[in-house]
Amino acid sequence: MGLETALLAADRGAHVVVADKDVAAAQAVAAEVQKIGGKEAAIAVAIDIRNRESILQALRETVSTYGGLDIIVNTAAVFSFVTGWPNHRYPVGADFRYQCDGQSSSR
Ligand SMILES: NC(=O)c1ccc[n+]([C@@H]2O[C@H](COP(=O)([O-])OP(=O)(O)OC[C@H]3O[C@@H](n4cnc5c(N)ncnc54)[C@H](O)[C@@H]3O)[C@@H](O)[C@H]2O)c1
């Protein structure tokens, strides 16, 4: 979801900050965005959306690189099916808590 969103944004001329706790994955997505918008079109930063200091650090890097922030798209989350929890239809137990932590700390 994040990759497709980033590519659509780049198609429309946006600068994109790809933020993920998996920095290698974020760098790979940023490289895809740069193929569309050029070297200046994207950076990758580390973030853990459950941690406010980490969010603030990502915001600082964003503002120092691009001078501001217009839109945030949060697709960082866990997918029960992917993470292998037994109930594949709805997040349950630890998976559900992880989702809630992410959603509340990223507000
Ligand atoms: N893929 C779909 O078809 C689909 C459909 C409907 C809803 N969703 C929902 O959209 C969300 C994203 O789905 P996806 O398929 O893109 O999942 P994905 O696993 O491909 O991507 C999620 C990304 O979030 C990152 N992430 C997880 N926890 C994080 C954290 N604490 N801080 C920072 N980054 C973190 C992961 O590293 C990963 O790169 C999920 O909540 C999913 O339930 C997905």
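1. Glu32 and Lys35 sit three residues apart, about one turn of the helix, and both belong to helix 2, residues 23-37. Helices here are DSSP runs of H or I with at least four residues, strands are runs of E with at least two, and both are numbered from the N terminus. This is a predicted model, in which local features need pLDDT of at least 70 and side-chain atom pairs count only at pLDDT 80 or more, while totals for chains, interfaces and linings use all residues. Residues are numbered from 1 along each chain as its sequence is written, and side-chain values use heavy atoms, with hydrogens and water left out.

2. The side chains of Glu32 and Lys35 form a salt bridge, with 3.0 Å from N to O. The term stands for a side-chain nitrogen of Lys or Arg within 4 Å of a carboxyl oxygen of Asp or Glu. Side chains of opposite charge can pair when their charged atoms come close. Glu32 is partly exposed at 33% relative accessible area, whereas Lys35 is exposed at 63%. Buried means under 20% relative accessible area, exposed means over 50%, and partly exposed lies in between (1.4 Å probe, protein chains only).

3. How many salt bridges does a search of the whole structure find? The search finds three. One of them joins Asp48 to Arg50, whose closest N and O atoms are 3.0 Å apart. Asp48 is partly exposed at 23% relative accessibility, and Arg50 is also partly exposed, at 36%.

4. Another salt bridge links Arg60 and Glu53, with 3.1 Å between the closest N and O atoms. Arg60 has a relative accessible area of 42% and is therefore partly exposed. Glu53, at 45%, falls in the partly exposed class.

5. Ser54 is part of helix 3. Is Ser54 buried or exposed? Its relative accessibility is 18%, so Ser54 counts as buried. Apart from neighbours within four places in sequence, Ser54 is in contact with Ala46, Ile47 and Asp48; contact means heavy atoms within 4.5 Å. Asp48 is the residue that forms a salt bridge with Arg50.

6. Thr62 is found in helix 3 as well. Thr62 is buried because its relative accessible area is 7%. Residues up to four places away in sequence aside, Thr62 touches Val17, Gly67, Gly68 and Leu69.

7. Leu69 also belongs to a nonpolar surface patch of about 350 Å², made together with Leu56, Leu59 and Ile72. Patches consist of residues with over 30% relative accessible area and no salt bridge; like charges are joined within 9 Å, and nonpolar side chains (Val, Leu, Ile, Met, Phe, Trp, Tyr) within 5 Å. Accessible areas come from the Shrake-Rupley method with a 1.4 Å probe, and for residues only the protein chains shown count as cover. Ile72 lies in the loop between helix 3 (52-66) and helix 4 (80-83). With a relative accessible area of 64%, Ile72 is exposed.

8. Thr75 is placed in the loop between helix 3 and helix 4. At 37% relative accessibility, Thr75 is partly exposed. Which residues does Thr75 touch, not counting those up to four places away in sequence? They are Met1, Gly2 and Thr5. Thr75 and Gly2 are 73 residues apart along the chain, yet their C-alpha atoms are separated by 5.6 Å. The Thr75 side chain reaches the backbone nitrogen of Gly2 at 3.4 Å.

Methods. A polar contact is a pair of N or O atoms within 3.5 Å; within protein, one must be able to donate a hydrogen and the other to accept it, and residues adjacent in sequence count only if both atoms are side-chain atoms.
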